Every structure is written in C-alpha cells, then in structure tokens.
Amino acid sequence: MPGPAGPCSRGSLCLWLLLLLLLAPPARARPANHSLLREKGGEGRDEKELVPPDHLNGVKMELDGHLNREFHQEVFLGKELERFEEDSQPRRNRRKLVGIFAKVDVNNDKKISAKEMQRWIMEKTDEHFQEAVEENKMHFRAVDPDGDGHVSWDEYKIKFLASKGFNEKEIAEKIKNNEELKIDEETQEVLDNLKDRWYQADNPPPDLLLSEQEFLSFLHPEHSRGMLHFMVQEIIRDLDQDGDKKLTLPEFISLPVGTVENQQAQDIDDDWVRDRRKEFQEVIDANRDGIVTMEELEEYMDPMNEHNALNEARQMIAVADENQNHHLELDEILKYSEYFTGSKLMDYARNVHEEF
C-alpha cells in the first residue's frame with residue numbers, strides 16, 4: 001500500500017466505524033461488523049449462501065482486521081453459543097454451564113486445568129469447522145445448478161449478480177455471448193475481490209472450476225492453509241501504511257478519528273486502541289520485537305494451532321482464577337459467566353452445590 005493512509009482511506013475500517021456509529025449499539029454489545037459484500041447487498045437467503053462471511057467462528061480476527069470479540073465464547077461454548085444467546089433464563093443457563101464444567105473436567109477433580117481447557121477449545125473449534133462443512137454442502141448445491149460437482153467462475157458470477165437483483169437469464173446470456181455487463185462500480189469492485197479469492201481457492205493445476213472442498217476454502221479460508229495465508233495478506237494490506245508488509249503497533253491500533261464529534265465516538269476510539277494494543281503486545285507479536293510479521297499473524301489466526309489453544313486456555317483461566325491456583329473451579333466460572341458465555345448469571349454462587 002503506497003504511502004500513509006488518510007483518516008478514511010482504509011475502506012473497510014472507515015466504513016465499519018460509520019456503520020457502528022450510525023447503528024449506535026449498547027456499549028458492551030458486539031460491534032456491527034459487516035463485510036463489503038453485505039454492505040452492498042440485501043440479506044436474502046441466496047446472497048448469504050454466496051457471500052464469504054466476514055465473521056468466522058473460532059477465529060481470533062475478522063476478515064476485515066477487527067478483533068473477534070466473541071472468540072472466548074465461541075471456543076468455550078461451540079455449538080451451544082446460540083442456545084445461550086437465545087435463552088434469557090439465568091437458572092437454565094447456569095445448569096448448562098455446570099454441565100459444560102463437568103465435561104471439561106475430564107479427571108473429575110472439581111477443577112479445570114490448562115490442558116483440559118486446551119483439549120476442550122480444540123474440540124469446540126472443530127465443532128465450528130464441522131458446522132461450516134455442513135453449511136457449505138447446501139451453499140455449494142445452490143451455485144452448482146447442473147450438479148456436476150464443480151462450479152465455474154461464470155456460474156458463480158451469474159448466481160451472485162442474480163442475488164444482487166440482476167436478471168439471471170439476461171446475465172447468463174450476456175456472459176455466454178461475451179457481451180459487456182452494465183454493472184455499477186461498487187458491485188464490480190466486489191466481483192474483482194471475489195475473483196481474486198476464487199483464484200486462490202482453485203488448487204493447482206488451476207482450472208477456474210471449484211470442487212465442493214475448494215468452494216469451502218473460498219467461503220471459509222480457515223479450512224485451508226493456503227487460503228489462511230491469503231486472508232492474512234489481505235488483512236496486512238488493509239492495515240499496512242508504509243508498504244513493508246509488516247505491522248507496527250501504531251498501524252495496528254490506528255482508527256479513523258474525527259468522523260463523529262461526540263463522546264460515544266471517543267469511547268469507541270479508546271476501547272479500540274486499548275484492546276488492540278493489548279492483543280498486539282501480549283499475543284500476536286510472538287517475539288516481542290514491536291513488529292508483527294505475516295508469519296506471526298498467520299500463526300495467530302490459525303484456529304487449529306494447538307500452541308495457541310494452550311495459550312488461550314491459560315488466558316481464560318487467568319481471567320477468572322481468583323484463588324490463583326492456576327485452575328478454574330465452578331464458582332469462578334459461574335462468577336465470570338459473562339466472559340465465558342456472554343450471559344451474566346445473577347446470584348452465581350447461590351445453589352452451586354445444589355446444581356451438582
């Protein structure tokens with residue numbers, strides 16, 4: 001990226017802030033974090049099947065470079081995450097949490113070690129992977145109309161433009177006859193970005209035909225080492241201001257300022273800087289040299305990295321380990337339920353023994 005970026009020159013970051021401020025979520029709510037694709041289109045079923053999601057469950061960073069603020073809950077709850085979000089009854093959620101504690105505590109010593117938590121995190125991350133695989137089967141059928149097990153770029157392009165409101169038959173005919181498509185500039189930009197991703201997902205020898213497994217990599221880059229590398233390249237490209245393909249702390253924590261002149265905007269700025277500085281210095285910058293390389297960011301982003309899972313387990317324990325024994329006990333997890341589940345359980349200590 002040539003030269004330093006101006007306050008609103010980093011596309012997705014600036015657009016994200018504008019959306020966040022306009023939607024004005026509660027202070028502790030997860031920020032609205034929409035990809036370029038979703039911002040330009042509707043929320044119809046077809047488009048959701050065709051659009052690579054910006055948010056990937058069990059991955060520490062969003063595709064647009066924002067930190068995944070639900071990561072702890074995702075790797076602790078796995079498929080149970082939605083059930084906790086949908087159930088507003090503290091007593092039922094307390095019982096669910098007690099049940100999870102018992103499953104994590106493999107040796108039944110009434111406390112959770114870092115190794116037990118690591119095993120659990122890897123298991124829950126794999127659950128998210130399997131969910132993505134199952135969803136991909138449905139999504140692939142939607143873009144493989146002839147059922148030949150492969151999707152060409154043109155087939156995908158037709159379905160994508162149809163989901164944006166274009167006439168599918170007209171688009172198909174124009175592409176077949178190599179006629180010019182009258183597409184607005186923003187939609188063309190999205191298509192160009194998608195084509196880059198399509199090429200990356202197409203395993204050698206390249207044929208521009210994606211199999212179901214390759215289409216999974218296209219939608220979910222965390223399933224492919226090569227696509228994970230491509231995703232990291234895109235994130236660094238968006239944040240890197242001097243073009244050295246590395247990130248300094250100022251580059252990582254910078255946020256467009258002055259977009260909205262009010263206290264809420266300042267609070268968002270402060271939270272952004274604090275959270276990202278902590279993550280950069282304590283987690284991502286593995287060798288503590290003040291620079292995050294592409295390799296360091298790729299290791300950080302890899303959801304199946306066992307070393308990362310162990311570090312995450314230790315961090316999760318440290319948050320709630322009030323008696324400093326390097327383990328988690330049930331009352332500690334219940335007290336810090338909001339960190340682990342996103343739900344605050346009132347009267348966490350009451351009837352703890354009763355729940356057993």
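1. **Conventions.** This is a predicted model, in which local features need pLDDT of at least 70 and side-chain atom pairs count only at pLDDT 80 or more, while totals for chains, interfaces and linings use all residues. Residues are numbered from 1 along each chain as its sequence is written, and side-chain values use heavy atoms, with hydrogens and water left out. Helices (H or I, at least four residues) and strands (E, at least two) are DSSP runs, numbered from the N terminus. Buried stands for under 20% relative accessible area, exposed for over 50%, and partly exposed for what lies in between (1.4 Å probe, protein chains only).

2. **Salt bridges overall.** How many salt bridges does the structure hold? The count is 17, where a salt bridge is a side-chain nitrogen of Lys or Arg within 4 Å of a carboxyl oxygen of Asp or Glu. As background, side chains of opposite charge can pair when their charged atoms come close. Some of these contacts join up: Arg69, Asp271, Arg274 and Asp275 are linked in a network of salt bridges.

3. Arg119 and Glu123 form a salt bridge, with 2.9 Å between the closest N and O atoms. Why are they separated by about one helical turn? Arg119 and Glu123 are four residues apart in helix H7 (residues 114-143). In general, an α-helix has 3.6 residues a turn, so residues three or four places apart point the same way. Arg119 is partly exposed at 33% relative accessible area, and Glu123 is partly exposed at 35%.

4. **Two further bridges.** Asp109 and Lys111 meet through their side chains in a salt bridge of 3.6 Å, N to O. Asp109 has a relative accessible area of 30% and is partly exposed; Lys111, at 25%, is partly exposed as well. Lys159 pairs with Glu168 in another salt bridge, the closest N and O atoms being 3.1 Å apart. Here Lys159 is partly exposed at 22%, and Glu168 is partly exposed at 35%.

5. **A negative patch.** Asp184, Glu185, Glu186, Glu189, Asp192 and Asp196 form a negative surface patch. Patch members have over 30% relative accessible area and no salt bridge; like charges are joined within 9 Å, and nonpolar side chains (Val, Leu, Ile, Met, Phe, Trp, Tyr) within 5 Å. Asp and Glu count as negative, Lys and Arg as positive, and His and the chain ends are not counted. The place of a charge is taken as NZ of Lys, CZ of Arg, CG of Asp or CD of Glu. The accessible areas come from the Shrake-Rupley method with a 1.4 Å probe, and for residues only the protein chains shown count as cover. Asp196 lies in helix H10 (residues 185-201) and is partly exposed, with a relative accessible area of 41%.

6. **Aromatic pairs.** Rings of Phe, Tyr and Trp (its six-membered ring) pair if their centres lie within 6.5 Å; planes under 30 degrees apart are stacked, over 60 edge-to-face, and the rest tilted. By this rule there are 13 aromatic pairs. Trp198 and Phe218 make an edge-to-face pair, 5.2 Å centre to centre with 75° between the planes. Trp198 lies in helix H10 and Phe218 in helix H11 (residues 212-219), so this pair ties together parts that are 20 residues apart in sequence. Both Trp198 and Phe218 are buried. Ring pairs also link a cluster made of Phe140, Trp153, Tyr156, Phe160, Trp198, Phe215 and Phe218.

7. **Helix H15.** Is helix H15 (residues 294-301) mostly covered or mostly open? Mostly covered: six of its eight residues are buried. Those buried residues include Glu296 and Glu298, along with Met294, Leu297, Tyr300 and Met301.

8. **Backbone points to look at.** Most residues other than glycine have a negative phi, and most peptide bonds are trans. Asn108, not a glycine, has a positive phi of about 55°; Asn108 is in the loop between helix H6 (90-104) and H7 and is exposed at 55% relative accessibility. Arg288 also has a positive phi of about 55°, in the loop between helix H14 (263-284) and strand E4 (291-292). Pro204 and Pro205 are joined by a cis peptide bond, with omega about -5°.
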